[in-house]
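Please find below a colleague's note on the model under review.

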Amino acid sequence: MKTFYVTTAIDYVNARPHLGTAYEKIGADCLARYKRLAGFDTYFLMGTDEHSTNVEKEAHRLGKTPEVYCKEMAREFEEVWAKLNISYDQFIRTDDPQHKTAVQNLFRTVYNNGYIYQGTYEGYYCVSCEEFKLEKDLVDGLCPRHKEKATWLEEKNYFFALSKFSGRLKKHIEENREFIQPETRRNEILGVIERGLEDVSVSRKGVQWGVPLPSEIAEGHVVYVWFDALINYISALGYSGADDARFRKYWPADCHVIGKDITRFHCLIWPAMLMAADVPVARSVFGHGFVYSRGTKMSKTIGNIMDPIELAEFLGSADSLRYLLLREIAFDRDGDFTIEQTVTRYNAELANELGNLFSRTLSMLQRYRDGSVPTWTREAAIDYDEIAGGVVDEYVNAMDQLSFDQAIVAWWKAVQSANRYIEQKKPWELSRAGDARALDDVLRALLEVLRLSSVLSIPFTPVKAEAMRRQLRLEPDISKVTLEEARSPGDDAWKGVDSPDPLFPKIETPAK
Ligand SMILES: [Zn+2]
């Protein structure tokens, strides 16, 4: 069986997840669920990045040790992800002993291979970014992202010889077009290489909270938090002896899903670290866009948080939020997310187009056929093909490119044309005229569109997909459903259908 390994960025735990963080996890979850549906042995990793100075500060402010604070916060993150139906296979914490050992092992290997050397760092550091800054990165001495004064550092520490990898990185990026996605990010990274790569500091002196450097290399230093964090993608699998079989099975990763602002870490430093340690490089990095609310990026440091759990509750379910986020904002671009727009789309698409198609069809099957399923005929097949022909191929093509919005557009072609089909065929008139044969064909063609929707919806709205399948009396365990089912209408899996139970009740538009 082909494997697929997908990861997200791991999050600092000094604040609860906001809508922007949720957007990334929902996108990655949609990809993971799609790959499972498509028959891949999928491994989906998420986690928390705990060795940050900000995390340590926040712990002390609350009068807790960083260990205790991180453990509590990791649990909180996991609760949020569970509520949003995120189906990760593993949740890694960078304070896990197995991770810390892997960090030291990789550091040691890179050092022994001659790519880590001692030097003196003199320059700026933004604690909020956890990033070393050049003078030209700052605006009036402030970090442009955090509007905070950058700290001047002068410390003896260890450097990673990133500059030695310019040629190999450039070649790798040019020869592997899928390595950096989307295209804009790829051009940006090639530009950075063109301007010249500088070595990066990979240790901090005098910092307590972090992974200590291997003791034979130095005492009193910890590994720089980014160098530490990136290693989670391999330590989770069991890199450096913890679980060789699993590491070999899933590495290299098929897709690192990350925010576009950390593309440089993932497309330059991370592959160079792996090259320096003789480990294969990941197959692709996808830098998604940001969620804005009326033009302002949603993030903790700037404020303007929309709580994803509150939003999901407002929209009636986590599935509604998942659908609307992925439908509203193309994954490779920035997008605006406002309550008014969202409610309008919810009512038009989920409540009306999909929800009504579902309840109308099931009601008609109850009314005209006592819930039994008419036979699949040549006429039903022709009608179904007119409604849904080509939809699965379009959907697959879009999903493979992480164009989640376009995959929904493809699925929706079937939903909308099924609604038009009802208006054209007027099943109630066929019933009145006693044309049982024609009515059977219409009902069966519609029912197959519902089944198609119950499969294509799994990556987007997994809980609702299950609810649809229960009402259709099809296999309700979505982990057992495959994309093949969407490609093969007309089989004999039907056992009748239930009376409809509303999937997406209408929402009243909030007062402005
Ligand atoms: Zn900053």
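The numbered points below go from the whole chain to single residues.

1. Basis of the note. This is a predicted model, in which local features need pLDDT of at least 70 and side-chain atom pairs count only at pLDDT 80 or more, while totals for chains, interfaces and linings use all residues. Residues are numbered from 1 along each chain as its sequence is written, and side-chain values use heavy atoms, with hydrogens and water left out.

2. Overall form. The protein chain holds 20 helices and 18 strands; helices (H or I, at least four residues) and strands (E, at least two) are DSSP runs, numbered from the N terminus. Its radius of gyration is 26 Å, close to the 24 Å that the globule rule gives for 512 residues, so the chain is as compact as a globular protein of that length. The radius is taken over C-alpha atoms, and the rule is 2.2 Å times the number of residues to the power 0.38. The C-alpha trace spans about 90 × 50 × 40 Å along its principal axes.

3. H6 and H10. Helix H6 (residues 183-195) packs on helix H10 (residues 263-276) at an angle of about 55 degrees, with the axes 11 Å apart. Axes are lines fitted to C-alpha atoms, for helices over the stretch in contact, and angles run from 0 to 180 degrees between N-to-C directions. The angle makes H6 oblique to H10; under 35 degrees counts as roughly parallel, over 145 as roughly antiparallel, 65 to 115 as roughly perpendicular and the rest as oblique. Contact (heavy atoms within 4.5 Å) involves Arg-185, Ile-189, Val-192, Ile-193 and Arg-195 of H6, and Thr-263, Arg-264, Cys-267 and Leu-268 of H10. These residues divide into five nonpolar, one polar and three charged. Here Ala, Val, Leu, Ile, Met, Phe, Trp, Tyr, Cys and Pro count as nonpolar, Asp, Glu, Lys and Arg as charged, and the others, Gly among them, as polar.

4. H14 and H18. The axes of helix H14 (residues 378-388) and helix H18 (residues 436-456) come within 9 Å and cross at roughly 40 degrees, which makes H14 oblique to H18. Residues of H14 in the contact include Asp-383 and Tyr-384, and those of H18 include Arg-444 and Leu-452. By class, this contact has seven nonpolar, no polar and six charged residues.

5. H18 and H19. H18 also meets helix H19 (residues 462-471), where the axes come within 8 Å and cross at roughly 150 degrees. H18 is therefore roughly antiparallel to H19. Ser-453, Ser-454 and Val-455 of H18 face Ala-465, Met-468 and Arg-469 of H19 in the contact, a set of three nonpolar, two polar and one charged.

6. A bent helix. Helix H13 (residues 339-369) bends by about 40 degrees at Gly-355, the bend being the angle between axes fitted to the seven residues ending there and the seven starting there. Just after H13, Asp-370 has a positive phi of about 50 degrees.

7. Backbone exceptions. Most residues other than glycine have a negative phi, and most peptide bonds are trans. Asn-85, in the loop between helix H3 (66-83) and strand S4 (90-93), has a positive phi near 60 degrees. A cis peptide bond joins Gln-181 and Pro-182, with omega about -10 degrees; Pro-182 lies in the loop between strand S10 (180-181) and H6. The bond from Trp-251 to Pro-252 is also cis, with omega near 5 degrees, and Pro-252 sits in the loop between helix H9 (244-250) and strand S14 (255-259).
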